[in-house]
Amino acid sequence: MIRNGEPLLGSKPSPSASLRVIEALRKLGPLTRRELREQTGYSRATVSQVTNQLIDSGTLDELGEWEPVDGPRTRGRPSAKVRLNPLRATQAGLEIACNRMAFALCDNAGLLILSGSEPISRKIGLPEQANRLTAMVQRRAAEAGIDLAKLDRVVLGLPRSQFPEMSSASQPGEAFRTTEPLIESLRQVIQGGFGAPLSLVNNTRMRALAEAQYFRDNESDLFFLGVDHEIIGALVLGGVLQNGSHGQAGDLGHVSVRLDGAPCRCGNRGCLEQVASMPALLAVEGLADPGELTKGILAGGYAEPLANAIRGLSQATAAVVTFFNPGTLVLGGSVMQLPGFFQSAKLAVLGSVPGRISSSLQVEPAAGDGVSGAIGAMILAFQSG
């Protein structure tokens, strides 16, 4: 699991000795090399090599206070204490969602050192959104005393529905293949602000990565379904985010759930996004925003469109769950936060899969901290570094 001040276990391979030294320092604070030997059981040579490498990489600092190596010093080099250095970020994960921007920073050892989010208007253009996101990260990092000069990779998650001109990446960390001037201006803003290469990915897929490797202690088999302005699923099998041959794995939003439904812009009819996405639910009742929808639900209204949405979601999700048999199904997005919707969707999915599948399937709500997409992007940046 990844938490503030913990290694990214199950991600980019790191020597076990380094992880044990980092874990000892995280738990106990500054230690001498002798104390590290006692805590880890490693030899003097191993501890010396590991600490020197971590100091060179900027993960550790060597303090100025000196103390004897083994009791009162009579001869030999005195030993200084070393500590984790949380003040240098090397990877950044960013997210621009429909009404929110978020970031997460980690250091060279994969330690999450700072994260945050702020609301953002959908009415401003993408370049201005990128400018505000960059400024927020720089401001928050300066307030926390974190150096951004050593950033070597930035991954930014964006929703497909907000920026449909982007094509999908076929591999983790690969930039969207596009010559769209708007996206190029975004790249210039982010890369110019941080001085590091930028990769663009789908933010829902990054939320799935965060759910598996951050919020759920390296869950090996998990299916995440995000139901928001778009509907996208993401599958983690054996701890690995599945992409498909063209990066489209899990795109359930354009699965047809009503063959007699209205034509969709994708060419199909009755797609799931036309039934269960937030824009679809608002359009059915002619509502302006989710707040109006929430008030109507609490007053006992909108039963039919909600039932249609749940029916379509359970139909599409049950097929994936039955085929892949993940241990956990995570349901997230603004639609799942509507009153009573998550519980109804959970029961509908469990009632749509075989009993031998439903008996062992954990259905859980997604983490609602507002930074999960950015954390997933940070994990990808670290793994790709």
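Trainee: What should be kept in mind about the model?

Mentor: It is predicted: local features need pLDDT of at least 70, side-chain atom pairs count only at pLDDT 80 or more, and totals for chains, interfaces and linings use all residues. Residues are numbered from 1 along each chain as its sequence is written, and side-chain values use heavy atoms, without hydrogens and water.

Trainee: Why is strand β8 described as largely enclosed by the rest of the structure?

Mentor: In a regular strand the side chains alternate between the two faces of the sheet. Strands are DSSP runs (E, at least two residues), numbered from the N terminus, and buried means under 20% relative accessible area with a 1.4 Å probe, protein chains only. Strand β8 (residues 222-227) is largely enclosed because 6 of its 6 residues are buried. Leu222, Phe224 and Gly226 lie on one side, and Phe223, Leu225 and Val227 on the other.

Trainee: Which strands pair with β8, and in which sense?

Mentor: Two strands pair if DSSP finds at least two bridges between them. With β9 (residues 231-237), β8 pairs in the antiparallel sense over 6 bridges, and a hairpin of 3 residues joins the two. Valine 227 has isoleucine 231 of β9 as its bridge partner. With β11 (residues 328-332), β8 pairs in the parallel sense over 5 bridges; here phenylalanine 223 is partnered by leucine 329.

Trainee: Which helix supplies the largest share of the lining of the largest pocket?

Mentor: Helices are DSSP runs of H or I, at least four residues. The largest share, 4 residues, comes from α6; α6 (203-215), α8 (278-285), α9 (290-298) and β11 each supply at least two.

Technical notes:
Buried means under 20% relative accessible area, exposed over 50%, partly exposed in between (1.4 Å probe, protein chains only).
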